[in-house]
Amino acid sequence: MNTIYNPHMGRKLTRPRPPQGEHLMRLREAAGLSQREVARLIGEPPQNVAFWEQAEKPPRGDVLPRLAWALGVRIEDLLNVGALPARPSGPAGKLRKA
């Protein structure tokens, strides 16, 4: 058995991540989910989630509602790469009160 290879360690990207993939990755990380967890929640293979995070285009239209639900955002937030998702309404923290 090769002790250097760790199957849980992803491959390093050889090219920069496109804006759409970067946006999706940041939303996933903000939700505190791994690629495997997202895949399980939306009923897709983990390879698809990894591909979407490296792709220039958003996921298929039939996946968007499930993906938005899993990440806790709106579909518009998934597709709008240039903007941050809307903050949930609730009590204002110290920084927002200032």
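Which backbone oxygen lies 2.6 Å from a polar atom of the side chain of His23? It belongs to Asp77, and the pair is a polar contact (N or O atoms within 3.5 Å; within protein, one must be able to donate a hydrogen and the other to accept it, and residues adjacent in sequence count only if both atoms are side-chain atoms). Before going further, a word on the model: this is a predicted model, in which local features need pLDDT of at least 70 and side-chain atom pairs count only at pLDDT 80 or more, while totals for chains, interfaces and linings use all residues. Residues are numbered from 1 along each chain as its sequence is written, and side-chain values use heavy atoms, with hydrogens and water left out.

Now for the overall layout. The protein has six helices and zero strands, where helices (H or I, at least four residues) and strands (E, at least two) are DSSP runs, numbered from the N terminus. Read from the N terminus on, the elements go α-α-α-α-α-α. Of the 98 residues in the protein, 28% are buried; here buried means under 20% relative accessible area, exposed means over 50%, and partly exposed lies in between (1.4 Å probe, protein chains only). The accessible surface comes to about 7600 Å², and carbon and sulfur atoms hold 57% of that; these areas come from the Shrake-Rupley method with a 1.4 Å probe, and for residues only the protein chains shown count as cover. As for contacts (heavy atoms within 4.5 Å), take those with a separation of 6 or more: residues 24 or more positions apart account for 54% of them.

The buried residues here are Gln20, Gly21, His23, Leu24, Met25, Leu27 and Arg28, and they pack against helix 2, helix 3, helix 4 and helix 5. Just after helix 1 comes Gly32, with a positive phi of about 75°.

Gln20 counts as buried because its relative accessibility is 7%. Apart from neighbours within four places in sequence, Gln20 is in contact with Ala55, Glu56, Lys57, Pro58, Leu78, Leu79 and Val81. His23, from the opening question, is buried too, with a relative accessible area of 8%. Its C-alpha is separated by 9.9 Å from that of Pro58, which is 35 residues apart from His23 along the chain.

In the segment before helix 1 sits Pro18, which counts as buried at 9% relative accessibility. Not counting residues up to four places away in sequence, Pro18 touches Gln54, Ala55 and Glu56. Pro18 and Ala55 are 37 residues apart in sequence, yet their C-alpha atoms are 6.5 Å apart in space.

Helix 4 (residues 64-71) has its own set of buried residues: Leu64, Leu67, Ala68, Ala70 and Leu71. These sit on the same side of helix 4, because they cover an arc of only 165° around the axis, the arc being that of the directions from the helix axis to the C-beta atoms. They pack against helix 1, helix 2 (35-42) and helix 5 (75-79). After helix 4 comes Gly72, whose phi is positive, near 75°.

Next, the charged pairs. Side chains of opposite charge can pair when their charged atoms come close. The whole structure contains six salt bridges, each one a side-chain nitrogen of Lys or Arg within 4 Å of a carboxyl oxygen of Asp or Glu. One of them joins Arg66 to Glu44, with the closest N and O atoms 3.6 Å apart. Arg66 lies in helix 4 and Glu44 in the loop between helix 2 and helix 3 (46-52), so the pair ties together parts that are 22 residues apart in sequence. Arg66 is partly exposed at 30% relative accessibility, whereas Glu44 is buried at 13%.

Arg60 and Asp62 also meet through their side chains in a salt bridge (3.0 Å, N to O). Arg60 is partly exposed at 39%, and Asp62 is partly exposed at 48%. Asp77, whose backbone oxygen lies 2.6 Å from a side-chain polar atom of His23, uses its side chain in a salt bridge with Arg74 (3.2 Å, N to O). Asp77 is buried at 8% relative accessibility, while Arg74 is partly exposed at 47%. Elsewhere, salt bridges that share partners join Glu44, Arg60, Asp62 and Arg66 into one network.
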